[in-house]
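Colleague: I would like to learn how to read the features of a model such as this one. Please take them one at a time, with the general idea ahead of the case.

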Amino acid sequence: MKFSLTARIALWFARVCLRLVARGGTCVPALDRKYKLRERLDGPWCESPKNLASPTSGSQYERPKISKRLWLHGASLGECKMLLSVARALKADWPSCDGECPEILLTTQKAEALETLRNKAAGVCRVAMSPADLPDTLERFLKEVNPAALVLGENELWPGYVEAMNRHCKKPAVALVSGRVRKLAPGVSLDDLGFVTLQSDGGNWKLLDWTRDVTAPKSSAGEFAAPKDNPLIDVALVSFHKEELAAFGALVSAAASAGKSVVLAPRRLEEAGLFREFLLSQKKIALDWPAVQKGSVTIVNRFGLVPEILRSCGVAVVGGSFVANPGIHDFWEPLREGVKTFVGPFSKGAEEAVSDLVSRGVVARISCAGDVGSDWWNVTLDPAVAQACLQEEREKILNSYERLLKFLLATV
């Protein structure tokens with residue numbers, strides 16, 4: 001990536017501040033445990049977890065001797081689950097003539113998602129906290145991990161990562177997949193990336209498993225789930241932020257008053273208490289998952305339950321769409337499960353895709369919290385058109401994935 005002098009000075013200053021704050025935070029045990037600051041600064045990143053290493057005598061595990069690795073990096077649980085599907089695909093598709101697929105390391109920015117990802121990645125790849133974007137930390141990271149290529153998910157364009165990888169490798173070895181980049185900051189360029197595929201032309205890779213039928217509960221790749229006649233959950237509010245409290249209140253008020261069962265999956269688990277307090281202030285019944293009851297609201301308090309919820313619900317409202325930032329969350333997931341899908345007035349990061357789906361009658365848009373009607377869930381949507389849209393997305397994903405595989409084979 002190329003930066004102006006002003007941008008370089010600002011970046012240097014930001015890194016100095018980050019180092020001071022992070023080092024100071026390691027001296028506070030509660031902060032260190034919560035955010036895993038020491039792991040971000042010093043690793044280890046390739047210590048052999050029990051689910052991948054082979055037991056030796058005693059209780060110690062021997063680290064495999066692997067010369068090359070693939071480094072995959074994402075932010076939150078959603079992006080990292082997408083990259084985990086990339087890891088599964090690469091391990092399955094790596095040509096035998098090129099030897100075994102290199103060992104894969106997946107790093108995440110979210111400390112609270114670490115254990116969930118490690119459980120899901122058992123036998124597939126290693127999972128660790130992402131290294132801090134600091135020169136000394138990245139130097140230790142690259143020496144320990146020795147990545148031959150880096151695959152970034154969506155918008156995780158950390159400038160230090162890209163610069164460090166381009167110094168470490170003999171040729172551009174950084175790929176961006178399922179990118180949501182619309183406009184880059186001044187002085188920042190994608191020229192130093194070896195491979196780029198954006199959601200607008202390469203599809204949303206959160207559908208990769210479903211597209212390939214690797215883990216999705218489908219009888220064939222790309223099969224469309226039929227709408228549910230008698231869903232266990234009437235309405236699911238998925239990945240809502242605290243900033244969307246007004247829309248949440250309007251949606252819940254109408255649905256619960258009509259005797260609908262509602263399930264809320266907050267974007268951040270630490271915000272669950274705020275939603276609960278709001279419900280109690282509105283004299284609404286608030287339950288804990290997995291209890292579901294007509295006329296009440298169930299709050300999800302664990303990661304990784306959205307797929308299970310969507311397989312049991314009839315209507316879904318996608319969060320991140322009732323405020324301008326940070327951006328809309330995964331709207332393809334409920335569609336592929338045959339769930340009637342609603343979004344709010346904003347769709348940052350996926351404007352073209354959402355506008356197309358709305359115009360084709362696949363997704364319904366609620367223009368603002370004040371427009372929520374007493375029976376907003378009764379909008380008629382066309383499952384056949386939704387299936388056609390999913391098939392189009394599937395083709396884009398398959399084509400862009402094949403191009404990534406070719407890039408990595410040439411790079412490694």
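Colleague: Which elements make a right-handed β-α-β unit with S4 and S5?

Modeller: A crossover is right-handed if, with the strands pointing away from the viewer, the path from the first strand over the helix to the second runs clockwise. Helices (H or I, at least four residues) and strands (E, at least two) are DSSP runs, numbered from the N terminus. Here S4, helix H5 (residues 114–120) and S5 form such a right-handed unit. S3, H4 and S4 also make a right-handed β-α-β unit. The model is predicted: local features need pLDDT of at least 70, side-chain atom pairs count only at pLDDT 80 or more, and totals for chains, interfaces and linings use all residues. Residues are numbered from 1 along each chain as its sequence is written, and side-chain values use heavy atoms, with hydrogens and water left out.

Colleague: How many bridges join S3 to S4?

Modeller: Strands of a sheet pair through backbone hydrogen bonds, either parallel or antiparallel. Two strands count as paired if DSSP finds at least two bridges between them. Strand S3 (residues 69–74) runs parallel to S4 and is joined to S4 by six bridges. On the S5 side, S4 pairs with strand S5 (residues 126–129) in the parallel sense over four bridges.

Colleague: Is Leu 84 buried or exposed?

Modeller: Leu 84 counts as buried because its relative accessibility is 2%. This residue lies in helix H4 (residues 77–93). Contact means heavy atoms within 4.5 Å. Leaving out residues up to four places away in sequence, Leu 84 touches Leu 106, Lys 120, Ala 121, Val 124 and Cys 125.

Colleague: What is the order of the open sheet of seven strands?

Modeller: The order is S11-S12-S10-S9-S13-S14-S15, with parallel pairing. S11 and strand S15 (363–365) each have a single partner strand, so one side of each is left without a neighbour in the sheet. Neighbouring strands of this sheet are turned by 25° against each other on average, direction ignored. Axes are lines fitted to C-alpha atoms, for helices over the stretch in contact, and angles run from 0 to 180 degrees between N-to-C directions. Within the sheet, S9 and strand S10 (residues 262–266) pair in the parallel sense over five bridges. Val 235 has Val 262 of S10 as its bridge partner.

Colleague: Which strands does helix H10 lie across?

Modeller: Helix H10 (residues 245–257) lies across S9, S10, S12 and strand S13 (313–318), at about 175° to S9. Helix H11 (residues 272–281) lies across S9, S10, S11 and S12, at about 160° to S12.

Colleague: How many salt bridges does the structure hold?

Modeller: A salt bridge is a side-chain nitrogen of Lys or Arg within 4 Å of a carboxyl oxygen of Asp or Glu. The structure holds 16 of them. In one of them, the side chains of Lys 294 and Asp 234 meet at 2.8 Å, N to O. That pair links distant parts of the chain: Lys 294 is in the loop between strand S11 (286–288) and strand S12 (297–299), Asp 234 is in strand S9 (residues 233–240), and they are 60 residues apart. Lys 294 is exposed, with a relative accessible area of 52%, whereas Asp 234 is buried at 12%. Salt bridges that share partners also join Arg 69, Glu 103 and Arg 126 into one network.

Methods: Buried < 20%, exposed > 50% of the residue type's maximum accessible area, 1.4 Å probe, protein only.
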